[in-house]
Amino acid sequence: MPASSHPHPFADWLGDRAVPLTHLDPEAPLDDLEPLCDLVGDARVVAIGENSHFITEFSHLRQRLLRFLAERCGFTVLAFEYGFSEGVPLDAWAQGQGADDDLAAHLATAIPVGVEEPLRWMRRHNAATAEAPMRFAGIDIPAAGGSLLPALAPVADYLRDIDPETLPAIEQAMRIAGSFAGASAASAAPAWTRLPAADQDALSAILMRLRIRFRAVEVLYVSRGDRPSYDIALRRLEAACHADYGFRAMAGLYAGTGWTADTSARDVYMAESVLWHLQRSDPGTRIVLAAHNAHIQKTPVSFNGHLTGLPMGQHLHNSLGGDYLALALTSITGHTADMRPDENARFGFAVDDVPLPPPEPGSIEAAFADAGLGLSIADLRRAPRETPGPDRYRIQSAYLHTPILDAFDAVLSTPTSTVADIAH
């Protein structure tokens, strides 16, 4: 693998301390992952990232890590970068409801971000294990920001029984939302900008009015129904509110008039969703969290020196402290999946299979390459702070600048990466 002629001192430490791993096969024995027990410790939320969606090796590794954390460390929830509202029926399916073939229908319109195989494993695991079944938890805004309807439709069903007076309002919101709905934010956000300003404002006003009403008459709603139904309906409504805010934030960002870090609304919703699931689970519940590296990092996201976002991982680190562990996944060579906007593509973006150039100096990928490491994991919490660590990591084929030792607790690197066929 490529290595620079002048290795950074951090690479020497990495070469001595990183732990080699044996397998990529999701079904392979798990003994090589035993060092994770010491790394994970008593953490309640262990986040597993990836530097790009649609990468075969990252998908396999996350499945192996999920198996290990469930089977050997007692984790019982998989929280995924997937819609909160859409995750409710997926959890029921993972618990054994319906037929095996029903999963295809549940995922028919979803971006293939790697949720299918973990769900199939969970269903098999739960069928064989009665003592500690695995639960699935969606944490994201609906349709990756592509449509408010997956959240608003079940809220309308809830209000039909609990508060029918509000139905005209939410039905109006759904009509507006349906006029620009897409499969992802890449297609919906441009369509939102083409709405009349009156429709944009009406949608925001209705959603905010309903959200405040939910809070104001909580006692009434719970008395007419029950606490769990109320909590889920409110969380769905909040997802729609955050997604709606995101459209304005993205429009401002592209127009050059946006407020600082205004696109953080999605990440704070995801962080609050993780805490929501944690608070409503049995005492001692531990969560495996799967999301992009840029979402799980514990430091702010900046591009070209400008603060652009406060990620989910920063919020979780602030809330949970040492009970939150961020494990980044990256690769040294191979190919990556670059996503570019394309409103005519199925999900509003095209996926380009791009060869990776040699790792950029100063990156965590360059450190793994300079250390001559293959498939391996490094506990960054043990890294000497007197030796400057890497200050960037790869996102697709670009780099995000951040102090790696502050952003992540550990990094798992693969020698190479390949773009999954499903991405095309």
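**Reading burial, backbone and packing in a predicted model**

Me: With a relative accessibility of 13%, does Ala261 count as buried or exposed?

Reply: Ala261 counts as buried, because its 13% relative accessibility falls under the 20% limit for that class. Bear in mind that this is a predicted model.

Me: Where does Ala261 lie, and what is its phi?

Reply: Ala261 sits in the loop between α12 (227-255) and α13. Its phi is near 55°, a positive value in a residue other than glycine.

Me: Which residue follows α4 with a positive phi?

Reply: Gly96 does, and its phi is near 110°.

Me: What does the turn between β11 and β12 look like?

Reply: Start with the pairing, then go to the turn. β11 and β12 are paired in the antiparallel sense over four bridges, and Arg392 has His401 in β12 as its bridge partner. The two strands form a hairpin with two residues between them. Gln396 lies in the loop between β11 (392-395) and β12 (398-401). Gln396 is not a glycine, yet its phi is positive, about 55°. Gln396 also counts as buried, because its relative accessibility is 16%.

Me: In what sense do β3 and β4 pair, parallel or antiparallel?

Reply: They pair in the parallel sense, over five bridges, with β3 covering residues 77-83. One of the pairs to look up is Phe80, whose bridge partner in β4 is Gly138.

Me: How many residues of β4 are buried?

Reply: A general point comes before the count. In a regular strand the side chains alternate between the two faces of the sheet. Strand β4 (residues 135-140) is mostly covered, with five of its six residues buried.

Me: Which residues of α4 are buried?

Reply: Read the helix residue by residue. Helix α4 runs over residues 84-94, and nine of its eleven residues are buried. They are Phe84, Ser85, Glu86, Gly87, Leu90, Asp91, Ala92, Trp93 and Ala94.

Me: At what angle do the axes of α4 and α6 cross?

Reply: Look at the distance and the angle together. The axes of α4 and helix α6 (residues 116-128) cross at roughly 40° and come within 8 Å. The two helices are therefore oblique to each other. On the α4 side the contact is made by Leu90, Trp93 and Ala94, and on the α6 side by Leu119, Arg120, Met122, Arg123 and Asn126. By class, the residues of this contact are five nonpolar, one polar and two charged.

Me: How is α3 placed against α6, parallel or antiparallel?

Reply: Helix α3 (residues 56-73) packs on α6 at an angle of about 30°, with the axes 10 Å apart. α3 and α6 are therefore roughly parallel to each other, because the angle is under 35 degrees. The crossing of α3 past α6 is right-handed. Gln63, Leu66, Arg67, Ala70 and Glu71 of α3 make the contact with Glu117, Pro118 and Trp121 of α6. This contact has four nonpolar, one polar and three charged residues.

Me: What angle do α7 and α8 make?

Reply: Helix α7 (residues 149-162) and helix α8 (residues 167-178) pack at about 165°, and their axes are 10 Å apart. They are therefore roughly antiparallel to each other, and their crossing is left-handed. In α7, the residues of the contact are Leu149, Leu152, Ala153, Val155, Ala156, Leu159 and Arg160; in α8 they are Leu167, Ile170, Glu171, Ala173, Met174, Ala177 and Gly178. The residues of the contact comprise eleven nonpolar, one polar and two charged.

Me: Why does Ser273 count as buried, and which residues does Ser273 touch?

Reply: Ser273, in helix α13, counts as buried because its relative accessibility is 0%. Leaving out residues up to four places away in sequence, Ser273 touches Phe84, Ile139 and Arg235. Phe84 is one of the buried residues of α4.

Me: Which residues does Val268 touch?

Reply: Val268 is also in helix α13, which covers residues 265-279. Not counting residues up to four places away in sequence, Val268 touches His242 and His315.

Methods: Residues are numbered from 1 along each chain as its sequence is written. This is a predicted model: local features need pLDDT of at least 70, side-chain atom pairs count only at pLDDT 80 or more; totals for chains, interfaces and linings use all residues. Side-chain values use heavy atoms; hydrogens and water are left out. Buried means under 20% relative accessible area, exposed over 50%, partly exposed in between (1.4 Å probe, protein chains only). Contact means heavy atoms within 4.5 Å. Axes are lines fitted to C-alpha atoms, for helices over the stretch in contact, and angles run from 0 to 180 degrees between N-to-C directions. Angles under 35 degrees count as roughly parallel, over 145 as roughly antiparallel, 65 to 115 as roughly perpendicular and the rest as oblique. A crossing is left-handed if the near helix is turned anticlockwise from the far one by less than a right angle, and right-handed if clockwise. Ala, Val, Leu, Ile, Met, Phe, Trp, Tyr, Cys and Pro count as nonpolar, Asp, Glu, Lys and Arg as charged, and the others, Gly among them, as polar. Two strands pair if DSSP finds at least two bridges between them.
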